[in-house]
Amino acid sequence: MLYYLFEYLDKTMDIPGAGVFQYITFRSALALILSLMISTIYGKKIITFLRNQQVGETVRELGLQGQNEKAGTPTMGGLIIIIATLIPVLLLTKLNNIYIILLVVTTLWMGTIGFIDDYIKIFKKDKQGLKGIFKVIGQVGLGLIVGSVLYFNPNVTVRERSATPITFNQTETMVSQAPSEIKATTTTIPFTKNNELDYAKILQWTGDGYENWAWLVFIPIVIFIITAVSNGANLTDGIDGLAAGTSAISVLALGIFAFVSGNVILSSYLNVMYIPNSGEMTVFIAAFVGALIGFLWYNSYPATVFMGDTGSLTIGGIIAVLAISVRKEMLLPVLCAIFFAENLSVVIQVSYFKYTKKRYGEGRRVFLMSPLHHHYQKKGYHESKIVTRFWIVAILLAIVSIVTLKLR
């Protein structure tokens, strides 16, 4: 909203300084500061409200050190993240940008699913929350929306590899003299020299016109990624500060990819895919990172609020959509390897337990407890040490991911 106001003031009244809102970097910095202020200042008021409504966490007996001390801690703190993200986004972004629209829809969609899950757990006294099938339906529904929009919307394009003469205006959104933007289901393969893959080519064996059916491959892939990453974030949210901290690091790396992919000069210099209009996502990402850091103010050990599924499902959904939008979804196993490891530890634990129970008559375990962070708790590590070490791993993974811009 403020973007359009200052754009109007700059063009019609020529007010000095109004043109600064045209710069993505300025609006991103402002979004980061504003979201940080909202999440830290008003976060306390939201926590007080949740406490007064007796929205407390019901902790299952898992035999973990300090577990009982967490009982009654307010949950649904994901509302802080959602509010602190959306207010700066609505104020500072170009609201007609298709990527911003998708991210806002993702935030509200996954936030609603998580809120319903938390509501059932707390007020209906059902520890299982929303049935798994309904969560999956919600995730698949979002995947259908995101995949369909990214495939069919004419504003979602990429620039062809063939170079064309370009001219530059006075903002970061450089313009092409002879645009060669096309619709494509192309993505980026990390660590390879010729690093682009077109999903449509999977159907090449069907003969001429296979490109028209690329959505049959692209949309299921989007659904799978959104479901997997949101579940991974949900499983990672198990100890104070773990999900919020590791997510902030991953999202910050995605912000660099979004800025580079949306800037014709940087993308040309680094020889990466130029995605028109994607640079606007940098403003959303800045607001999201600020909200996560502000939430950490209250969620760090010992936590005074938990994000609940309201926050964790939202975080996973946003990260997935961001990665798909900047064509870096194949980098997610590296960038979000912690989410992947948490997910995999549960799959391994459950599968091995069922297999050994069927074969030997008693279930055996690979880990002391899953997800993975509980395994280390069972080994006697303090949760703050676990979180700090997971953060360090997340930073290393983010650095490796960013290095792929040049390392091929």
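Residues are numbered from 1 along each chain as its sequence is written. In this predicted model, local features need pLDDT of at least 70 and side-chain atom pairs count only at pLDDT 80 or more, whereas totals for chains, interfaces and linings use all residues; side-chain values use heavy atoms, with hydrogens and water left out.

**View 1. Stacked rings of Phe-115 and Tyr-119.** The structure holds 10 aromatic pairs (rings of Phe, Tyr and Trp, the last by its six-membered ring, with centres within 6.5 Å; planes under 30 degrees apart are stacked, over 60 edge-to-face, the rest tilted). Among them, Phe-115 and Tyr-119 are stacked, at 6.4 Å centre to centre and 25° between the planes. Both residues lie in helix H4 (residues 98–123), four residues apart, about one turn of the helix; helices are DSSP runs of H or I with at least four residues, numbered from the N terminus.

**View 2. Edge-to-face rings of Tyr-376 and Phe-390.** The centres of Tyr-376 and Phe-390 are 6.3 Å apart, with 80° between the planes. This pair links distant parts of the chain, 14 residues apart: Tyr-376 belongs to helix H13 (residues 372–378) and Phe-390 to helix H14 (residues 383–403). Phe-390 counts as buried because its relative accessibility is 11% (buried is under 20% relative accessible area, exposed over 50%, partly exposed in between; 1.4 Å probe, protein chains only). Tyr-376, at 29%, counts as partly exposed.

**View 3. Charges over the rings of Tyr-360 and Tyr-269.** The charged end of Arg-364 sits over the ring of Tyr-360, 4.1 Å from its centre (NZ of Lys or CZ of Arg within 6 Å of the ring centre and within 35 degrees of the ring normal). Lys-406 lies over the face of Tyr-269, 5.8 Å from the ring centre.

Note on methods. Helices (H or I, at least four residues) and strands (E, at least two) are DSSP runs, numbered from the N terminus.
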